[in-house]
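Could you walk me through this model in the viewer, stop by stop? Tell me what to select next and what I will find there.

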Amino acid sequence: MSAGAGNGATLSSQAAAFVAGPRVRLKVEQASYAYAATDRSAPKFTLGPASFEAEQRELVAILGPNASGKSTLLKLLAGLLKPLSGRVEVDGFEVSGLDLRTRAQRIALVQQESELLFPLRVWEYVLQGRYPYGRRLRFESEEDCLLAGNALAQVGADALRDRWMDRLSGGEKQRVILARALAQQPALLLLDEPTQHLDIGGKVELLRRLRRLADENRYTVIVVTHELNLAAEFSDRVVLLHKGKSLRIGTPAEVYERDLLEEVFEAPLEVELRTSGRPRVILRGSH
Amino acid sequence: MRPLTPRRIIAICGLLCAVLFGVIVIALRMGAYPISLPDIVMTLFRGAIGRKDEIPSEFWLVIFGLRLPRIALGILVGAALSVAGTGFQALLRNPLADPYVLGVSSGAALGAIISLTFAPHLLGVIQLAAFIGAAATIAVVYFLGRRGGQLDSATLLLAGIVAASFLSAIIMFLLTTLSGRDLRGMAFWLMGDLAAPPPTEHVFIWFESLFIVFLISAGAIYTTASDLNLILTGEQEARHLGVNVNRVKLVVYVAASVLTGLAVSVSGAIGYVGLLVPHAMRMLFGTDYRLLIPTSAIGGAIVIVLADTLARTVVAPTELPVGAMTALAGAPVFIYLMRRRVR
């Protein structure tokens, strides 16, 4: 861990650590959360304390069945929820303590697509990613346009520039949404089930792209996904959640154990270790 | 990629101002007492340099006494309703939101009528009461329009329609039972009308203060223009991008209620302007709120001045309420624009 990212560090050394770019980018320390209908009633859902770290250029997959707390964990990482206990730090700064714009300059969150109220061109949409860098009635600078253009190029959506958002296919839209997140120039890129509406080709392409972005742009990428095999293939680290508890954290080979996965996903599964050292999950025949 | 620049905003607004000026000239010319263009120019010029005694008295009366105040009122009301409409559409994330459809105008009208029955001669009280009526109505409609914690588009509009007819019924009731009082006709409150004279002799100060309130409220909404652009693509997403959504909503909620209250207190509930004008401007100039708010303000002024001129002249010597005119012209134009966009 780099110096200055610890709890007791002074503000100036934290700033220095940020400029130098610490290796450990995301640090989750015993972060927990509980949902309740009202302040006094018993919590409906609890996310037990989770701890893990992620470095630059790392791709971390958050796995787990439905209602296991994946999205809650992602919201904690994004700073949208304040942890009940523990802390979440990005580059040494506590996420929930950052002001909104600063947070948006460091963390980009890609959620499942939302419905647009009025038609918007692709380039207009991507330029929105530059919002956190401007003042009130900001008019986009040439630099903003350049960065938005680069972001589009990085996701291979250059040709879509002048199209309308509501005329794009699912895969194209996903790429444009990703481009807007890249235009934010974040340190931490969070994605909530980005593969949901894509066919298998689109899924592979997206994860390859995320892998390359992590390597080339030195992003730390966190992906919530249901795709066990894609996660095994492309991620450096896996966080396995079950009923609000983080059951195991480690490389895919460390986490993917047949008994564990069968218990968590309640399905007959088989785990093979491939020659690449990465595991593969297959459905065990029921005959 | 052609991002919006201040120069483009100024150019487009300048163009619209020229159109507005043309509409004003037409409005000054037309009426029961026709005045030729040179006479209008001469009267305006002499009025502007303060040589009132050189103007023929009938010109002075018709232009400065009747038509110009009415045009000024039309500009104010049209601009206020249109900006309020753009604000409500973003605030409620609903393209069909407008002060009239949501019942906010009726709420403002009811507030104004109640204040008229209790404090008829206090200047500004009507405006304040109309604002409170507008703010209370939008709060009620907002909460009725939620379903499972989420704002539901159809439920919201239904709540607005129900609120509008309920409040209109109360207005009708009040106007019928209080008919002996100094109330300005049912059409004024239910359909909207610009015929009412200013409630004070200091016409200039009166208009000046109305315009100042308009500028402050519309300016407040304008400061949130780039935030509203993001809110329109999704509140959650706007939050991720660093928008303080709650603060923006509060500013727009208060300012749009003030604008509605302002417009309704001087002209009654004129419909469809807040819906039609922002949509027409979107189709012409795009959805960017930094451009949409000023163009809607000028566009609203153009539409109301034009509609009122027609209302004065179409069935002369009688007059239609301007609200009837906007509804009559607005609905077909809106359908045309909708169908053109679908294609």
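Start by selecting A:Gln185, which is partly exposed because 18 other C-beta atoms lie within 10 Å. The scale used here counts C-beta atoms placed from the backbone: a residue is buried if 20 or more others lie within 10 Å of its own, exposed if 12 or fewer, and partly exposed in between. A:Gln185 sits in the loop between helix 6 and strand 7 (188–192) of chain A. Look at its backbone too: phi is positive, about 50°, although A:Gln185 is not a glycine.

A word on what you have open: this is a predicted model, in which local features need pLDDT of at least 70 and side-chain atom pairs count only at pLDDT 80 or more, while totals for chains, interfaces and linings use all residues. Residues are numbered from 1 along each chain as its sequence is written, and chains are lettered from A and ligands numbered from 1 in the order in which they are written. Helices (H or I, at least four residues) and strands (E, at least two) are DSSP runs, numbered from the N terminus.

Next, select A:Asp91, in the loop between strand 4 and strand 5 of chain A. A:Asp91 also has a positive phi of about 50° without being a glycine. Is A:Asp91 buried or exposed? A:Asp91 counts as buried, because it has 25 C-beta neighbours inside 10 Å.

Now widen the selection to the sheet around that loop. Four strands of chain A form an open sheet in the order 2-1-4-5, with antiparallel pairing. Strand 2 (45–55) and strand 5 (93–94) of chain A are at the edges with a single partner strand each, so one side of each has no neighbour in the sheet. Two strands count as paired if DSSP finds at least two bridges between them; strand 4 (residues 85–90) and strand 5 of chain A are joined by two, in the antiparallel sense. To see one of the pairs, select A:Glu89, whose bridge partner in strand 5 of chain A is A:Glu94.

Move on to helix 5 (residues 142–154) of chain A: its 13 residues reach 18 Å from first C-alpha to last, close to the 18 Å expected at 1.5 Å a residue. That expected span is 1.5 Å times one less than the number of residues. Colour A:Asp144, A:Leu147, A:Ala148, A:Ala151 and A:Leu152, the buried residues of helix 5 of chain A. They cover an arc of only 140° around the axis, which puts them on the same side of helix 5 of chain A; the arc is taken over the directions from the helix axis to the C-beta atoms. These buried residues pack against helix 4 (122–127) and helix 6 (170–183) of chain A. After helix 5 of chain A comes A:Gly156, with a positive phi near 70°.

Conventions
Two residues are in contact if their C-beta atoms, placed from the backbone, lie within 7 Å.
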